[in-house]
Structure formats: C-alpha cells, structure tokens
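Have a look at the sequence and the fold before reading on.

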Amino acid sequence: TGSGRFFVGGNWKCNGSTASIKQLVNELNSASIENDVDVVVAPPFLYIGQVIGSLTDRIEVSAQNCWVGKGGAFTGEISADQLVDVGVKWVIQGHSERRHVIGESNATIGKKSAYALSKGLGVIACVGEKLEEREASRTTAVVFEQLQAYADEISDWSKVVIAYEPVWAIGTGKVATPEQAQEVHAAIRSWLSEKISLEVALATRIIYGGSVNRSNCAELAKKEDIDGFLVGGASLKGPEFVSICNAVT
Ligand code: PEP
C-alpha cells in the first residue's frame, strides 16, 4: 500500500432485495473491521434509505451513479443533491458497466464527477482498459485518456479515490496479478504527479478492482501503489467482504 488510509468499497451493482440486504447489513454490523481502513458500500438506489437507516456509522454509503447536474425534468435520474440530502457520502463514477454497457462517455463521466464533488460527495473515479486494448499495448494510453477527462473537469482532488479496474478482470474471476496491477497503479501515480501535482499524486488513494476475493486480496494489498480495493461480487458476502477490508492487517 502507498498513500493514505486503506480504502475498500463494496459495489453491490443491481443485486439484492429487502431481505438479502437486511442480512448483509446485519453481517457488516456485527463484523470487526480494523481501525485504519475506510469502508464504503454502494447499494442500488432503491435500498439506500434502508441501508443508511440500518448500517453502522463505521461504514459509509455510496451511490453507484448520479445525474450529471442539478435535478429537474430528467425522468429516471437521481441528482447528487438528493444523494447528499439522504446522507450518502460517495458516488462511483465511470464504472466499466456504465461506460461499456450503458454507453457513458469520458466527457459525461468527468462532468458528473465534478458536479458530485461540488456538492460535497466523495468520488470513486473508475478507469480501466478492455482486453483488446491491453493486448494492443494500449493500457496506459486508455487509462490516461480516462484520467484526463476527469482532470478536465475536476480541480479539487482531495475527495477523489481512483479505482483501476481492468475490464477483463471485472466479474470474470480473472484477477490481475499483483505485478500487473502495481504496474498500472504506478503509472497512474506518475501521471498524477506530472499532470496535476506531486502533492495530489502522493495523497490520492489508487484502489484496484476486478475479481478481488478473500484469497487474492492480501498479495495485492502488499504492493506499493495499491491503496485498497473496489469489490463487486465478493462484497455481497458479508464475511468475505470483511476479510478483504482487513487485508492489510
Ligand atoms: C466492480 O464491479 O467494481 C468489480 C470489481 O466487480 P468484481 O469484484 O465482481 O469483479
């Protein structure tokens, strides 16, 4: 690990029901999580009220997305202002499923992130290359382009956590090796140093996501520039997610 406190996010995606989320929250509430780790969970919008009303204050709540600006006549959308109103502290932006399944552009993701930050939310800013891009040796080119789109809109990086999530590793069971992840994390930190500032490069947490589980988290967490994880599938299992939160102990 490198910068700051270890950070672990659980992205529940479009999973769960009132009953299963009640059980997951109970498991998280009764778990013992080390002091020196920030833990965040991202339920589907519909269950955010339930989670905020029942989850221990030890864990903060994130949304998985939000509208690009202030609310209004935008059917089906949720604004950052509304997230803040109900007690949400974070929002995930630029997840690969929103980029590649739903079709969000780099520019939209940058704008959404800046608006969310302006309302006081923390942003988990995702980046990551597809398999064909990695195979064409375009990994850092793609990641730097995605970072630049955030940088075009963001001026204050103090509440940004960068999540490096290679698309080929998300939900596939095919985790990046610690060396593969470290290589890109280090490149991201150098990019921040060169394009933003040394101070931001040193202070920004860069977390890894993509098939993280209880068996592979410890080796990844040892790497110098891996400051935490964004966890999908394994975050739906309370005890396993807690093991990942405690990976650095
Ligand atoms: C994610 O959705 O951010 C993710 C990393 O998913 P998984 O852990 O299931 O690969």
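How do the residues of the shell around the ligand divide into nonpolar, polar and charged?

## Around the ligand

Keep in mind that this is a predicted model. The shell around the ligand splits into five nonpolar, seven polar and one charged residues. There are 13 residues around the ligand in total, and the ones that come nearest are I170, G171, G209, G232 and G233.

Next up is a helix pair: α7 covers residues 139-153 and α8 covers residues 178-195. Their axes come within 11 Å and cross at roughly 40°. As for handedness, the crossing of α7 and α8 is right-handed.

Who does the touching? On the α7 side it's T139, T140, V143, F144, L147 and A151, while α8 brings V184, A187, I188, W191 and K195. Sorted by class, this contact of α7 with α8 has eight nonpolar residues, two polar ones and one charged one.

## A closer look at A63

A63 sits in β3, which spans residues 60-63. Is A63 buried or exposed? It counts as buried, because A63 has 24 C-beta neighbours inside 10 Å and the cut-off for that label is 20 or more.

Leaving out residues up to four places away in sequence, A63 touches A42, F45, I48, L83, V88 and V91. H95 is 32 residues from A63 along the chain, and the C-alpha atoms of the two are separated by 12 Å.

Terms used. Residues are numbered from 1 along each chain as its sequence is written. This is a predicted model: local features need pLDDT of at least 70, side-chain atom pairs count only at pLDDT 80 or more; totals for chains, interfaces and linings use all residues. Axes are lines fitted to C-alpha atoms, for helices over the stretch in contact, and angles run from 0 to 180 degrees between N-to-C directions. Helices (H or I, at least four residues) and strands (E, at least two) are DSSP runs, numbered from the N terminus. A crossing is left-handed if the near helix is turned anticlockwise from the far one by less than a right angle, and right-handed if clockwise. Two residues are in contact if their C-beta atoms, placed from the backbone, lie within 7 Å. Ala, Val, Leu, Ile, Met, Phe, Trp, Tyr, Cys and Pro count as nonpolar, Asp, Glu, Lys and Arg as charged, and the others, Gly among them, as polar. A residue is buried if 20 or more other C-beta atoms lie within 10 Å of its own, exposed if 12 or fewer, and partly exposed in between; C-beta atoms are placed from the backbone. A residue is near a molecule or strand if its C-beta atom, placed from the backbone, lies within 6 Å of it.
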